[in-house]
Amino acid sequence: HAGRPARLRPMEAVSDSPLLRAARGESVSRTPVWFMRQAGRSLPEYLALREGVAMLDACMDPALVTEITLQPVRRYGVDAAIFFSDIVLPLKAVGVDLDIKPGVGPVVASPVRTLADVAAIPDLDPSHVPFITEAVRTLVGELGSTPLIGFAGAPFTVASYLVEGGPSKDQARTKAMMFGAPEVWDALMRKIAGISAAYLEVQVAAGASAVQLFDSWAGALTPTDYATHVMPHSAAVLERAGRLGVPRIHFGVGTSNLLTLMGEAGADVVGVDWRTPLADAIERVGDRAVQGNLDPALVFAPTEVMLQRAAEVIEAGRYARGHIFNLGHGVIPSTDPDQLARLTDFVHTYEPRG
Ligand code: CP3
């Protein structure tokens, strides 16, 4: 039912929605589906709204955030809204001098190198982000029975932007700090963990009913380095989020050999990128739900090819404790929205064979 506004389904409570049921490992009437980066990027109605508005300004405008978050829910009838924001927004909110450059990503004016640099970053307080509280409250009113997923960046991925000063292929400076200045690294990771946890708390307090922790660049690490230098800090965020009583999704890219640890860090649902066959991921995460994992490039293939591969993902997902259908990473900007509409309808109406 692509395009049917979510608020026309008021009889179904949010807590009984397919997404939250799957996240908790309960039976579902249909496989829930949403897309990372569904808000923004590919939709013409998004590009029209964003014209002349800088990304971070858009993130701080509750009316724009509300509208952009709702656009894909209206268009596709997906089973969740993802809050329109960015992983660096809370840093901006506490006063870190940074910008999001179109086509580049987050750029930090003065990269973090010393203990004094870390100490200069304030902790996040709800009073830093009143516009987030306002946007979330408005959204949950509009969304009716469709859950809103709040999110934050995981300490490693956020640290990589703060230390490198911008996007990086090899995370060399970040790892240099991790290996060579453990005191600074530990302080930085604790600082970000506190900010990310507080940011999730604000979103859940205002009505978000699930959270996703994005550790997009954790795949750059060996399992041992992840377990030693990163996992305890992500676990601290997930532990605080766990006290909020909402399901926690933990996602990274290229994390095939980290999936077990990412689950053990305290996730209810482990996000899987497209490089790992879902069946292998399910084995690695044990008794947890999974989210994923269609290659985002398959949306550019002929529809029958895309849907055949989607069917394989759904079939594999039947062996998980719970399965939330998604792409293996974000929607590619030039994606045809009609393909995502067909994909959503296919997942919703899929009948298992045999
Ligand atoms: O639809 C959604 O998923 C909600 C919105 C969302 C954005 N960023 C909006 C955005 C979410 C969940 C994020 C998270 C985010 N931001 C991550 C983790 C998710 C992932 O993709 O792995 C990361 C690593 C970032 C940092 C960041 N911000 C990147 C890498 C970029 C893209 C740079 C580019 O243009 O290629 C951004 C900018 C950004 N965040 C845009 C949007 C819509 C583009 C804004 C613009 O250029 O105007």
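**Close-up 1. Helix α14 meets helix α15.** In this view, Thr303, Met306, Leu307, Ala310 and Ile314 of α14 meet Gln339, Arg342, Leu343, Phe346 and Val347 of α15. Sort the residues of this contact by type and you get 7 nonpolar, 2 polar and 1 charged. Keep in mind that this is a predicted model. Helix α14 covers residues 303-317 and helix α15 covers residues 337-349; their axes come within 10 Å and cross at roughly 40°. Because of that angle, α14 counts as oblique to α15. As for its hand, the crossing of α14 and α15 is right-handed.

**Close-up 2. Helix α10 beside helix α11.** Here α10 packs with helix α11 (residues 223-242) at an angle of about 25°, and the axes are 9 Å apart. That angle is under 35 degrees, so α10 is roughly parallel to α11. The crossing of this pair, α10 and α11, is right-handed. From α10, look for Trp185, Met189, Arg190, Ala193, Ser196, Ala197, Leu200 and Glu201; they meet His229, His233, Ala236, Val237, Arg240 and Ala241 of α11.

**Close-up 3. The largest nonpolar core.** Now for the inside. The largest nonpolar core has 113 residues, and those with the most contacts inside it are Ala81, Ile149, Ala208, Ala210, Val211, Ala218 and Val290. Which helix gives this core its largest share? That would be α10 (residues 182-205), with 12 residues. Zoom in on isoleucine 149 and, leaving aside neighbours within four places in sequence, you find it in contact with Ala80, Ala81, Ile82, Phe83, Ala208, Ala210, Val211 and Gln212. In soluble globular proteins, nonpolar side chains tend to be buried together.

Close-up 4. Is helix α8 enclosed or open? In α8 (residues 155-164), 10 of the 10 residues are buried, so the helix is largely enclosed by the rest of the structure. Reading along α8, the buried residues are Pro155, Phe156, Thr157, Val158, Ala159, Ser160, Tyr161, Leu162, Val163 and Glu164. And what do the buried residues of α8 pack against? Their partners are the strands β3 (105-108), β4 (148-153) and β5 (210-214), along with the helices α9 (172-180), α10 and α11.

**Close-up 5. Leucine 261 in helix α12.** Find leucine 261 in helix α12, which spans residues 259-264. Buried or exposed? Leucine 261 has 23 C-beta neighbours inside 10 Å, and 20 or more are enough to be called buried, so leucine 261 counts as buried. Not counting residues up to four places away in sequence, leucine 261 touches Pro223, Tyr226, Ala227 and Met231. Valine 285 sits 24 residues from leucine 261 along the chain, and their C-alpha atoms are separated by 8.1 Å.

Close-up 6. Alanine 119 belongs to helix α6 (residues 115-119). With 10 other C-beta atoms within 10 Å, alanine 119 is exposed. How far apart are the C-alpha atoms of alanine 119 and leucine 188? They are separated by 8.5 Å, while the two residues are 69 residues apart along the chain. Serine 127 is in the loop between α6 and α7 (130-143). Serine 127 has 9 C-beta neighbours inside 10 Å, so it counts as exposed too. Between the C-alpha atoms of serine 127 and alanine 241 there are 19 Å, with 114 residues separating the pair along the chain.

**Close-up 7. Backbone details to look for.** Start in the loop between α1 (18-23) and α2 (44-50), where arginine 37 sits. Arginine 37 is not a glycine, yet its phi is positive, about 60°. Arginine 37 is partly exposed, with 17 other C-beta atoms within 10 Å. Arginine 41 also lies in the loop between α1 and α2. Its phi is positive too, about 70°, although arginine 41 is not a glycine. With 17 C-beta neighbours inside 10 Å, arginine 41 counts as partly exposed. Finally, check the peptide bond from glycine 292 to asparagine 293: it is cis, with omega near -10°. Asparagine 293 is part of strand β8 (residues 289-294).

Key: Residues numbered from 1 in each chain as written. Predicted model: local features only at pLDDT ≥ 70, side-chain atom pairs only at ≥ 80, totals over all residues. Core = buried A, V, L, I, M, F, W, Y, C linked by C-beta atoms within 7 Å. Buried ≥ 20, exposed ≤ 12 C-beta atoms within 10 Å, placed from the backbone. Helix = DSSP H or I, 4+ residues; strand = E, 2+ residues; numbered from the N terminus. Contact = placed C-beta atoms within 7 Å. Axes fitted to C-alpha atoms, helices over the stretch in contact; angles between N-to-C directions. Parallel < 35°, antiparallel > 145°, perpendicular 65-115°, else oblique. Left-handed = near helix turned anticlockwise from the far one by under 90°. Nonpolar A, V, L, I, M, F, W, Y, C, P; charged D, E, K, R; others polar.
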